[in-house]
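Please keep the sequence and the model in view while reading.

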Amino acid sequence: AVPPGVLPLCRRPPAWGRASRQPPASLLAPCRAFSNNKILVELDESSGVATMKFKSPPVNSLSLDFLTEFCISLEKLENDRACRGVIFTSAVPKIFSSGLDITEMCGKSTEHYGEFWRAVQEIWLRLYSSDMVTIAAVNGSSPAGGCLIALSCDYRIMVENPKFSIGLNEAQLGIVAPFWFKDTFVNVVGHRVAERSLQLGILHPAPEALKIGLVDELVPEEKLQEKAAAVMAQWLALPDHARQLTKSMMRKAVLDRLIAHREEDIQNFISFVSKESIQKSLRMYMEMLKKKKS
């Protein structure tokens with residue numbers, strides 16, 4: 001059953017698997033979009049490419065609601081034979097995603113912290129292991145959890161604006177990036193760059209992000225979607241099964257590590273975030289953000 005207000009994805013006849021060649025355009029149902037409160041998804045069945053836009057102003061923070069909607073949207077696309085690739089981008093100007101919603105980690109119950117952290121794990125497990133081609137079209141700043149989403153994709157294209165930055169800056173907030181954030185980062189930029197960047201909580205301006213390999217390309221803002229579509233076409237030109245098996249082989253060890261230690265990781269998060277010193281640090285950070293707004 002399709003939830004109220006959500007348009008069902010148009011489906012291709014079952015015979016057309018993801019690894020098959022595209023059917024003639026005449027066999028395709030009209031393209032449709034589906035949307036919920038914080039995520040907008042548009043699927044172009046002629047190309048097999050979906051665009052997932054984050055629309056949770058002011059900064060696309062990863063709240064429990066956002067994480068839940070993200071996972072539901074990704075699962076819909078995974079289960080749709082018409083979809084072979086997804087481009088992730090933001091509908092909010094100047095920000096891709098600001099990362100984890102601090103309010104979900106401050107002054108709540110241990111049950112809430114556990115539920116929230118499980119949702120954070122779930123978004124990464126689904127995205128990092130996705131069979132689809134995943135491209136991050138980073139059209140604004142992307143700290144912490146926003147950076148993790150980009151890191152989890154197959155390819156990262158960022159707007160060439162030095163005012164936009166990206167990185168895992170948890171150390172600046174007095175918190176520690178979990179081992180699976182770290183593993184994902186190391187797999188992209190290498191151990192030495194990751195160690196320095198994580199210890200110092202560095203947010204890398206776009207040109208520096210390109211230099212260290214955190215993003216694969218920089219383009220002018222007006223060319224971002226066009227470039228993402230071109231890169232996607234290049235990746236989709238390969239047989240899906242070969243690409244999928246290679247991706248699985250490259251990422252399996254990192255995925256298996258979290259799966260094996262998932263409950264332990266949740267308990268570690270609850271224990272850490274419940275400490276009064278961490279709660280105090282998070283409250284101070286929230287106050288600082290309020291002052292900036294005013």
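**From the surface to the core**

The protein has an accessible surface of about 13900 Å², and carbon and sulfur atoms contribute 57% of that area; accessible areas follow the Shrake-Rupley method with a 1.4 Å probe, and for residues only the protein chains shown count as cover. The model is predicted: local features need pLDDT of at least 70 and side-chain atom pairs pLDDT 80 or more, while totals for chains, interfaces and linings use all residues. Residues are numbered from 1 along each chain as its sequence is written, and side-chain values use heavy atoms, with hydrogens and water left out.

The protein contains 10 helices and 13 strands (DSSP runs, H or I of at least four residues for helices and E of at least two for strands, numbered from the N terminus). Of its 294 residues, 51% are buried, that is, under 20% relative accessible area with a 1.4 Å probe and protein chains only. Among contacts (heavy atoms within 4.5 Å) with a separation of 6 or more, 73% join residues 24 or more positions apart.

The largest nonpolar core comprises 85 residues, and Met-52, Phe-70 and Phe-88 have the most contacts inside it. Such a core is a set of buried Ala, Val, Leu, Ile, Met, Phe, Trp, Tyr and Cys residues joined through side-chain atoms within 4.5 Å. Helix α2 (residues 110-128) supplies the largest share of this core, 10 residues. Beyond four places in sequence, the contacts of Phe-70 include Met-52, Phe-88 and Ile-123.

Ser-56 lies in the loop between β3 (49-54) and β4 (61-62). Ser-56 counts as buried because its relative accessibility is 8%.

Terms used
Buried means under 20% relative accessible area, exposed over 50%, partly exposed in between (1.4 Å probe, protein chains only).
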